[in-house]
Amino acid sequence: MSYNLLKGKRGIIFGALDENSIAWKTAERVFEEGGSFVLTNAPVAMRMGKINELAEKTNSKVIPADATSIEDLENLVEQAQEILGGKIDFVLHSIGMSVNVRKGRHYTDLNYAYSEKGWDVSALSFHKVMQTLYKKDAMSEWGSIVALTYMAAQRVFPDYNDMADNKAYLESIARSFGYFFGKDKSVRVNTISQSPTPTTAGQGVKGFDGFIAYADKMSPLGNATALDCANYTVTLFSDLTKRVTLQNLYNDGGFSNVGVSQGVMEHFVEE
Ligand SMILES: NC(=O)c1ccc[n+]([C@@H]2O[C@H](COP(=O)([O-])OP(=O)(O)OC[C@H]3O[C@@H](n4cnc5c(N)ncnc54)[C@H](O)[C@@H]3O)[C@@H](O)[C@H]2O)c1
C-alpha cells in the first residue's frame, strides 16, 4: 500500500546487493512512496550483485562508490544532485562488513589490519558520507539521514565479533554528527537497530540460524523483517518525523526490552 509519503523527495541509497538486502527492500518501498533516488554500492559488489535489476525496477541510476573513499563519495554526491535535479532529502547508509568475521578470526584473536578495514567500511564510512554531504551543502532543510545498526552495540552477542564495536562507533557518529547537521542545516540523523535478518551480511555471523530463532522467540512481536525495516525507514524519511533526531531506534519486535520470554523459558523448565 502506498501513502505517497515521499512524493517529490530525492535521495541516495547505499548497500543494495541482492533482493534480500535491507537496502533493496527500502529502495522498493521508497519508490512506491513516490521518492526518487540514486543507488550506490562498492564497485566490487556491482559485479557480484544484481543492483542493475533494482535500478530498472525503480527507474533509478546506479553510481558506484566505495564508501571509504572520499573521492568516490564526492563524485557520488555531485552526480546524484545532477541526476535528481536538486539537493538530497534522504540518505540510507546500509553498509557493513567485518574482515575478521569473514576470515573466521575469533574476537580474542583479532587481526588489527582486518579490524581497521572493517571499522572503516562499517563505521567511519558513515562519518565520511555525512562530512561529504555537509561540506558540499548537499542536504535539503528537513532532510533525513538513517544508518542501520544492531543491538550488539549495547549488549554482548559473542559471535558478533568486532562488528559490535563498529556498531557502537557508528551509533556515536550518528549522535555527534547529527548535532551539527541539526543545528547548522536542520537535517536529522538517526540509526535503526534492526532484528537479525537473513541477508548476505547477516548470515556471515556464526550460528546465525540459532541467533535468529532465539531472537524471534524472545520478541513479543517476533523478529522485524527487512520489509518492516524498509517501512520504518520510509517514516523517518517522511515529513511525519521532522523532529526525531540523534536517536537509536529499535525495530526489533520488542526484543531489546525483554528479560526472558515464556517461549524461551519452555526450553529450560523441567517437566
Ligand atoms: N542482517 C542483519 O541481521 C542485520 C541486523 C541489524 C543491522 N544490520 C545492518 O544492516 C545493514 C545492511 O546489511 P544487510 O543485512 O542488508 O546485508 P547486505 O550484505 O545485503 O548489505 C551490506 C552492504 O554493504 C555493502 N558494502 C560493503 N563494503 C562496502 C564499501 N566499501 N562501500 C560501499 N558499500 C559496501 C555491500 O556491498 C552490501 O550491499 C548493515 O549495516 C548491517 O550491519 C543487519
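Predicted model: local features only at pLDDT ≥ 70, side-chain atom pairs only at ≥ 80, totals over all residues.
**Entry 1: His93.** I count a residue as buried if 20 or more other C-beta atoms lie within 10 Å of its own. I found it in strand 4, residues 88-93. Is His93 buried or exposed? It is buried, because 27 other C-beta atoms lie within 10 Å.

**Entry 2: who sits around His93.** I set aside residues up to four places away in sequence and looked for what His93 touches: Phe14, Phe126, Val129 and Ala147. I also checked Ile12. His93 and Ile12 are 81 residues apart in sequence, yet 8.7 Å apart in space, C-alpha to C-alpha.

**Entry 3: the cores.** Ile12 turned up again when I looked at the largest nonpolar core, which has 57 residues. Ile12, Ile13, Ala16 and Ala27 have the most contacts inside that core. A friendly reminder to myself: nonpolar side chains tend to be buried together in soluble globular proteins. I followed Ala27 next. Leaving aside neighbours within four places in sequence, Ala27 is in contact with Ile13, Ala16, Phe37, Leu39, Leu54 and Thr58.

**Entry 4: the ligand.** Which residues come nearest to the ligand? Of the 27 around it, they are Ser21, Ala45, Gly96, Ala201 and Gly202. I sorted this shell by class and got 14 nonpolar, 12 polar and 1 charged residues. Helix 1 (22-32), strand 5 (139-149) and helix 8 (200-203) each supply at least two shell residues. The largest share, 3 residues, comes from helix 8.

Conventions. Residues numbered from 1 in each chain as written. Near = placed C-beta within 6 Å. Helix = DSSP H or I, 4+ residues; strand = E, 2+ residues; numbered from the N terminus. Nonpolar A, V, L, I, M, F, W, Y, C, P; charged D, E, K, R; others polar. Core = buried A, V, L, I, M, F, W, Y, C linked by C-beta atoms within 7 Å. Buried ≥ 20, exposed ≤ 12 C-beta atoms within 10 Å, placed from the backbone. Contact = placed C-beta atoms within 7 Å.
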